[in-house]
Amino acid sequence: MARILNPLLTVEELTVRYGALTALSEMSWQVDAGEILGIIGPNGAGKSSCFAAVTHAVERTGEVWLGDDRITDLTTFELARIGVRRTFQHNAFFGDLTLLENAMAAMLLDHSTSLGRSILTPWREMAKRQRAEKAATELLTTFGIARQDHHKRPGDIAYGTQRLLSVVLAYGSGARVLLIDEPAAGTGGADMQRLADLLVDLRDRKVAVVVIEHHMDLIMAVADRIVVIDQGRKLAEGRPADIQGDELVREAYLGRAA
Amino acid sequence: MNLAQQIINGLVLGSGYALIAIGWTVLLGAARLVNFAHGQLYMLAAFLAWAAMQQFGVDYYVAVPIAVLALGLLGVVLQGVMLPLVMKQNLTSLMIVTLGFGYVFQGGAARVFGGDPQRLISPLQAESIRYGDIWFTLQDVVTLAGTLLLFGFLWLVMNRTRLGALVRSVAEDPKLAQLFGINAARVYIGVFVFECAAVALGAGLVAPRSPILTSMGFDEVILTFVVVVLGGIGSVGGSLLAGFGLGMFTALFGALVSPAYTTAAAFLLLLIVLVTRPGGLAARR
């Protein structure tokens, strides 16, 4: 498979072992800014382990590069700070906070006041808090979460919107690489279309998007390239049309799933 | 009964309860973590201040900050040891571990400081203030003022600063907070250091009221836990309210009924509150 020139994120030979089980074996792929890379494969193939390995949530060997910078040894929160973030299969937000407060929390490091300033110049703290609220409102509305939902808690909004929210929060004040784990799980119809629109919107914002997804029609429609994983190994890589035509992939995954 | 005096006593007792509980309140609110060594940390701080005064002849005003600093350092060490458990939120093991620390501190303190009751003597305790038939000491005034100041400061930090927002987000969901770029491990250490330092300050201000014993930790744990739970897990305002409430209750119950049954009655009160308001006093209904 041809390598892209100067990819934004490069993953080289990532290997994850849980005891005797090798969940991910010498996995390599790249994704560029403004590109959607789909990752597909049967259940237990190592797709989520792949995300955990990139975000350093598990012990792994191999290398991860952001542009020319080696980011292999950064911790999860350091990666998040430089804009390499992931979402989970389950919804991830603060259940006790409103959507707006959640969005403010996601942008916490950019919009908050230090202790000294809060004491010495409380009016600045107040102004900054208002700006944070404005930025949070903007973040939610630009990604299609209606204002009437902003003061509700995540549990009180539609499930499809909750899925959307998890991705929007991970984007926060601007991610460079987003690893999105089964965004459309449990959704269908209009909700799935909104998620597809969100993924395309992120691509237009020059985010490098990596999506794990089981909905074939969604992934085939939005992905620029697809990596097929089976039993922890890369089985195939290519454009959606090529993947659909690949006999090996059909047999290992599409055929088995059908 | 002199009602005005009992109300003063209630305020004085209550400010002490609230002050000693504040660290644990933040710990429980921020780290979803209990620390059953809390009372022994109180004891340790009181004895460190006492030893500094007795052995090295330093002033009360120097001895208390020394105890606060020492306990802060101890907090770093303790949390360093417990961090793997904390990051995994392994609460059952943490309960046992902190209980274990408590017994180690108690044994160690008995070995070093002896089993005799001692007095942490504060010059402020000797300054009594009288108005008609009510009286209190300057120590009481400082404790009350210190408690209100510390709670006000804490409220400001928790609700109006980046630090507070960091702590609150880690409390909600440490994994998610990390994905938002927050160093959860450092927040946990910071909160634990605050707990240790705050209980040392509490000991410095409250311990001069009565003789100190190396075995007094467990009683402190129990009463503090009542305040923390009564206030509503992790609620700063709630624990202030609960501290004063318990102080007032103890003073009035002691005067009207009998001091001997105060603890039993306090627990009865806790039961009633928890049954009628499961989230504690500060719960949103």
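Start in the middle: the largest nonpolar core holds 168 residues, and those with the most contacts inside it are B:A45, B:A46, B:A49 and B:L71. Helix 8 of chain B (residues 184-206) gives the largest share of this core, 16 residues. A nonpolar core here is a set of buried Ala, Val, Leu, Ile, Met, Phe, Trp, Tyr and Cys residues joined through C-beta atoms within 7 Å. Buried means 20 or more other C-beta atoms within 10 Å of the residue's own, exposed means 12 or fewer, and partly exposed is in between, with C-beta atoms placed from the backbone. Helices (H or I, at least four residues) and strands (E, at least two) are DSSP runs, numbered from the N terminus.

A word on what you have open: this is a predicted model, in which local features need pLDDT of at least 70 and side-chain atom pairs count only at pLDDT 80 or more, while totals for chains, interfaces and linings use all residues. Residues are numbered from 1 along each chain as its sequence is written, and chains are lettered from A and ligands numbered from 1 in the order in which they are written.

**Stop 1: helix 3 of chain B**

Select B:L71. Not counting residues up to four places away in sequence, B:L71 touches B:L41, B:L44, B:A45, B:C196, B:A197, B:V199 and B:A200. (Contact means that the C-beta atoms, placed from the backbone, lie within 7 Å.)

Now extend the selection to residues 60-87 of chain B, which make up helix 3. This helix has 28 residues and reaches 38 Å from its first C-alpha to its last, close to the 40 Å expected at 1.5 Å a residue; the expected span is 1.5 Å times one less than the number of residues. Its buried residues include B:A63, B:A67, B:L71, B:L74 and B:L78. Residues three or four places apart in an α-helix point the same way, because there are 3.6 residues a turn. What covers the buried residues of helix 3 of chain B includes helix 1 (3-31), helix 2 (38-56), helix 4 (91-113) and helix 8 of chain B.

Where does helix 3 of chain B kink? Go to B:V81, shortly before the proline B:P84, for a kink of about 50°. The bend at a residue is the angle between axes fitted to the seven residues ending there and the seven starting there. Just after the helix, B:Q89 takes a positive phi of about 55°.

Hop across to B:F101 in helix 4 of chain B. B:F101 counts as buried because it has 20 C-beta neighbours inside 10 Å. Leaving aside neighbours within four places in sequence, B:F101 is in contact with B:A37 and B:L78.

**Stop 2: where the chains meet**

Show both chains. Here 22 residues of chain A are in contact with 18 residues of chain B. On the chain A side, the elements that give two or more residues are helix 2 (76-81), strand 6 (84-86), helix 3 (99-106) and helix 4 (115-120) of chain A. The largest share of that side, four residues, comes from helix 2 of chain A. By type, the chain A side divides into eleven nonpolar, six polar and five charged residues. In this count Ala, Val, Leu, Ile, Met, Phe, Trp, Tyr, Cys and Pro are nonpolar, Asp, Glu, Lys and Arg are charged, and the others, Gly among them, are polar.

**Stop 3: a sheet in chain A**

Next, pick out the open sheet of four strands in chain A, in the order 2-1-4-5 with antiparallel pairing. Strand 2 and strand 5 (69-70) of chain A stand at the edges with a single partner strand each, so one side of each is left without a neighbour in the sheet. Two strands pair if DSSP finds at least two bridges between them.

- Strand 1 (residues 9-18) and strand 2 (residues 21-31) of chain A pair over seven bridges; look for A:L9 opposite A:V31.
- Strand 1 and strand 4 (residues 61-66) of chain A pair over five bridges, with A:V64 the bridge partner of A:V11.
- Strand 4 and strand 5 of chain A pair over two bridges; A:W65 stands opposite A:R70.

While in strand 2 of chain A, click A:E26. Its phi is near 45°, a positive value in a residue other than glycine. A:E26 counts as partly exposed because it has 14 C-beta neighbours inside 10 Å.

**Last stop: helix 1 of chain A**

Select residues 47-54 of chain A: eight of the eight residues in this helix are buried. Among them are A:K47, A:C50 and A:F51. The helix is followed by A:H56, whose phi is positive, near 60°.

Methods: Two residues are in contact if their C-beta atoms, placed from the backbone, lie within 7 Å.
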